[in-house]
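Welcome! Take a look, then work through each solution step by step.

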Amino acid sequence: MFDTLDRRHSRSAKWMMAIEKVGHTSVLAFSVADSDYETAPCVKAALKQRVEHGAYGYTFADETYKSAVLDWFARRYGYKPEKDTLLVTSKVLTALSIVLDTLTETNDAVVIQTPVYHVFYPLVKQHRRKLIENPLLETDANYRIDFEHLESCFKNGAKMLVFCSPHNPVGRVWRDEELTQLIALCKQYDVWLISDEIHADLIMAPHQFKSIASYVDYYDKLIVVQAPGKTFNLAGLQTANLVVFDPHARKQIKKHLDRFFLSGSNVFGIEAMIAAYTNGELWVDAQNNHIAKQAQTLEFWLKTHYPMVKMSPLEGTYLAWLNIEALDKDGTRFEKVCHKEKLVVSAGKPFGRQCVTWMRLNLACSAEQLEEGLKRLDKVFSTLSKTP
Ligand SMILES: Cc1ncc(COP(=O)(O)O)c(C=O)c1O
């Protein structure tokens with residue numbers, strides 16, 4: 001399990017973009033958030049069986065699908081929504097986009113907490129909503145929510161918060177106290193809380209994930225968007241779920257999805273999700289142990305060789321977030337040197353204006369791939385530390 005898998009010639013977006021950037025197939029990619037090892041054996045087996053069937057026509061997300069999803073919610077996230085709260089679409093981004101477009105108007109203020117998954121910026125702007133940033137407070141590479149500033153955003157009339165839980169790229173798993181305070185504020189100012197929980201299964205012990213949906217009895221202007229794309233490496237199968245508690249909002253969102261023919265998913269996505277959520281639990285636990293070990297390897301390597309590089313504690317996700325300011329003061333040289341060493345990671349800037357000296361490194365690969373990546377990173381860091 002979690003062995004090296006060469007994805008260079010499989011039309012993988014991550015690897016194709018990396019090869020294009022560096023101009024050589026010997027590149028190593030630690031960028032886009034998908035994994036470089038096989039999915040769970042139960043998922044692969046279910047897909048093989050479905051391929052063998054030979055007919056791939058229109059497919060329903062039926063009762064078996066809904067039960068598999070909602071039982072997974074109950075077992076892994078500590079709550080079980082009613083079946084009729086569930087809507088199905090292709091991508092998490094499709095779901096977020098439709099929710100935003102349905103529940104807010106042009107020029108409405110929508111808050112995101114930065115640094116954050118870079119696509120949240122165009123997500124808000126492309127709908128011509130006013131993007132309001134509530135920057136996370138950073139102390140020594142660790143992050144917390146600035147509740148005071150968030151309250152001022154709400155006071156000034158923000159209509160929605162697009163929340164990332166766990167938070168890509170800073171790796172936070174939000175605590176119960178933080179979520180309680182967040183929901184209380186949303187309730188006080190009547191703000192829609194949309195929680196992107198795509199990384200919800202990627203949790204490092206002893207941290208525990210709690211979905212915002214568990215607070216629905218206290219406040220119901222909550223929407224959860226979720227998918228097995230990251231957990232089981234299924235992003236290419238494009239299947240995502242929305243949980244919408246408010247019946248009126250649910251009806252509107254469903255209508256909007258239908259208007260663009262975006263309800264439902266595809267034959268393989270549905271099959272894969274049923275298998276993953278029915279039989280994939282032990283594999284997910286093993287993957288979390290693997291990611292935690294990868295994070296320890298990276299942390300130990302940094303402490304030993306480059307203690308001036310700070311890494312945010314990895315509570316959740318498989319994305320390590322590093323501050324390399326001590327090696328590249330204004331963040332102008334880092335990427336060029338990386339590419340010279342045939343290494344591609346994610347630069348910090350797209351996640352937030354304040355992040356030019358940060359980088360994100362995807363740990364969802366084999367231990368061997370990480371080891372080779374660290375050899376290349378060593379050359380990058382050593383070049384940077386020698387030249388001003
Ligand atoms: C927080 C977050 N949301 C959404 C996505 C994209 O999800 P999808 O491919 O299902 O649209 C990603 C992918 O990296 C992500 O990190």
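**Exercise 1: Two domains**

In this predicted model, the centres of domain 1 and domain 2, taken over C-alpha atoms, are separated by 26 Å. Find the residue ranges of the two domains, then describe how they touch.

*Solution.* 
- Start with the ranges: domain 1 covers 13-39 + 282-386, and domain 2 covers 44-279.
- Next, count each side of the contact: domain 1 brings 28 residues and domain 2 brings 31 residues.
- Now look at the domain 1 side. At least two residues each come from α10 (281-305), β11 (310-311) and β12 (319-323), and α10 gives the most, with 5 residues.

**Exercise 2: A pair of helices**

Describe how helix α2 and helix α9 pack, and list the residues that meet.

*Solution.* 
- Two packed helices are described by the angle between their axes and the distance between the axes.
- Helix α2 (residues 41-53) and helix α9 (residues 267-279) make an angle of about 145 degrees, and their axes are 8 Å apart.
- The crossing of α2 and α9 is right-handed.
- From α2 come C42, V43, A46, L47 and R50; from α9, they meet V267, F268, E271, A272, A275, A276 and N279.
- This contact of α2 with α9 has 9 nonpolar, 1 polar and 2 charged residues.

**Exercise 3: Around the ligand**

How many residues surround the ligand, and which are the closest?

*Solution.* 
- The ligand is surrounded by 13 residues.
- The closest are A33, K91, V92, L93 and Y117.

Notes: Residues numbered from 1 in each chain as written. Predicted model: local features only at pLDDT ≥ 70, side-chain atom pairs only at ≥ 80, totals over all residues. Near = placed C-beta within 6 Å. Domains from an automatic or database assignment. Contact = placed C-beta atoms within 7 Å. Helix = DSSP H or I, 4+ residues; strand = E, 2+ residues; numbered from the N terminus. Axes fitted to C-alpha atoms, helices over the stretch in contact; angles between N-to-C directions. Left-handed = near helix turned anticlockwise from the far one by under 90°. Nonpolar A, V, L, I, M, F, W, Y, C, P; charged D, E, K, R; others polar.
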